[in-house]
Amino acid sequence: MAVIPLTRPILGDDEQAAVAAVLASGYLVQGPQVAEFERLVAAHVGVAHAVAVTNCTAALHLSLLALGVGEGDLVIVTPYSWVATANVIELCGATPVFIDIDPATFNLNVALLDQYLTESPEAARVKAIMPVHTFGNPAGICELIDVAQHHGIAVVEDAACAIGAVERGRAAGSFGAIGCFSFHPRKIITTGEGGMLVTDDPWIAGFARGYRNHGQESVDGMVEFVMPGGNLRITEMQGAIGVIQMRRLAGLVESRGTLSARYDSLVTPLGYTPQHRSPGAAVQSYVVLSPEHLSAASVIAHLRANDVEATIGTNAIPFTRYYREQYQLSDRDLPATAMVRDRAITLPLFPGMAEAEQDRVVEVLATVLQ
Ligand SMILES: Cc1ncc(COP(=O)(O)O)c(C=O)c1O
């Protein structure tokens with residue numbers, strides 16, 4: 001029996017033709033295709049500026065640098081994410097403050113955030129808040145922005161998985177001072193590797209454009225280097241793929257939504273609990289909690305043994321080795337994160353997935369219970 005893969009990027013003849021055209025043009029790095037990709041993302045998100053960079057990790061790092069985050073600063077972050085979300089804080093010399101997640105949405109718990117900012121003597125050192133739209137789910141972002149504004153703290157949205165997601169009519173990535181997207185092959189649209197920083201702030205956009213290109217700027221028509229920067233440019237091949245992928249975005253989000261709703265109706269009666277998603281979620285990964293008496297590890301092993309690719313949800317960052325040794329947080333400090341660490345399972349989801357494939361995944365899930 002063929003293995004049902006966890007994911008499958010949707011790339012077709014249009015992407016192939018677009019890349020071939022770039023190769024024929026001989027213009028390979030950060031040219032008109034990248035500019036068009038940026039224009040399409042900015043228009044979709046509803047922001048003034050979009051700056052393409054090598055990946056979302058670079059976009060998040062750049063965001064913190066743009067906000068002046070450095071040594072001695074605290075940055076509030078979700079403990080349940082790809083480890084990049086916390087790593088960029090460490091790379092700036094700042095310290096992450098992990099606030100537990102909501103056990104249903106898997107997003108940062110806004111009530112706990114408000115409590116920390118109101119009660120902690122260290123709150124004055126908090127320079128930024130980095131919430132994640134976990135698996136493309138923007139639930140709670142409006143309340144989080146209200147709390148952040150009340151306390152006067154900038155928000156960087158880690159929208160790595162959330163291109164195409166909306167909350168109360170606004171796109172994920174447009175709520176905070178900065179939003180960051182990933183175009184890794186496991187995301188909703190892909191350029192191979194790739195990331196994008198979006199913002200309405202012209203200074204932040206200018207800083208990001210300068211930083212991604214060695215601090216280079218045009219001054220009176222001459223090249224000048226106005227600050228130290230790096231090389232975070234993407235290629236025209238990536239830009240050209242991104243342009244086509246943006247045209248596919250609405251259809252991809254819709255298809256993922258339909259498949260996810262079908263999964264919900266099939267797995268819930270078996271005792272699995274799907275992530276609580278808001279109606280505007282763009283489902284990047286379909287994640288369920290195992291029934292209480294079953295560990296995610298045992299369910300995943302059973303799925304894999306039956307030719308269904310499955311994996312954990314994402315990382316419980318404070319319990320990975322570096323963060324465990326550095327901050328020594330226990331399950332009691334972050335009970336919802338610890339619970340989700342032990343019970344979250346990502347099931348196969350990709351546009352074009354056949355109902356028969358979904359049914360097989362569900363059948364295997366059912367047999368774990370027997
Ligand atoms: C929530 C989150 N943040 C950041 C990243 C990093 O994105 P990239 O691989 O584009 O650097 C990922 C990638 O998996 C992610 O899921």
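**Notes on helix packing and the ligand shell**

1. The crossing of α3 and α7 is right-handed; a crossing is right-handed if the near helix is turned clockwise from the far one by less than a right angle, and left-handed if anticlockwise. Helices here are DSSP runs (H or I, at least four residues), and strands are E runs of at least two, numbered from the N terminus.

2. This is a predicted model, in which local features need pLDDT of at least 70 and side-chain atom pairs count only at pLDDT 80 or more, while totals for chains, interfaces and linings use all residues. Residues are numbered from 1 along each chain as its sequence is written.

3. α3 and helix α7 (residues 202-211) pack at about 125°, and their axes are 10 Å apart. That makes α3 oblique to α7. Axes are lines fitted to C-alpha atoms, for helices over the stretch in contact, and angles run from 0 to 180 degrees between N-to-C directions. Angles under 35 degrees count as roughly parallel, over 145 as roughly antiparallel, 65 to 115 as roughly perpendicular, and the rest as oblique.

4. On the α3 side, Leu62, Leu65 and Ala66 meet Ile204, Phe207, Ala208 and Tyr211 of α7 (contact: C-beta atoms, placed from the backbone, within 7 Å). By class, the contact of α3 with α7 has 7 nonpolar, no polar and no charged residues. Ala, Val, Leu, Ile, Met, Phe, Trp, Tyr, Cys and Pro count as nonpolar, Asp, Glu, Lys and Arg as charged, and the others, Gly among them, as polar.

5. Helix α3 (residues 56-66) also packs on helix α4 (residues 84-91), at an angle of about 40° and with the axes 9 Å apart. The two are therefore oblique to each other, and α3 passes α4 in a right-handed crossing. Cys56, Thr57, Leu60, His61 and Leu64 in α3 meet Ala84, Thr85, Val88, Ile89 and Leu91 in α4. This contact divides into 7 nonpolar, 3 polar and no charged residues.

6. Which residues come nearest to the ligand? Of the 14 around it, these are Asn55, Cys56, Thr57, Ala160 and Ser182 (near: C-beta atom, placed from the backbone, within 6 Å). α3 and α4 each supply at least two residues of this shell. The shell divides into 6 nonpolar, 7 polar and 1 charged.

7. Serine 255 lies in helix α8 (residues 236-267). With 18 C-beta neighbours inside 10 Å, serine 255 counts as partly exposed (buried: 20 or more other C-beta atoms, placed from the backbone, within 10 Å; exposed: 12 or fewer; partly exposed: in between).

Methods: Contact = placed C-beta atoms within 7 Å.
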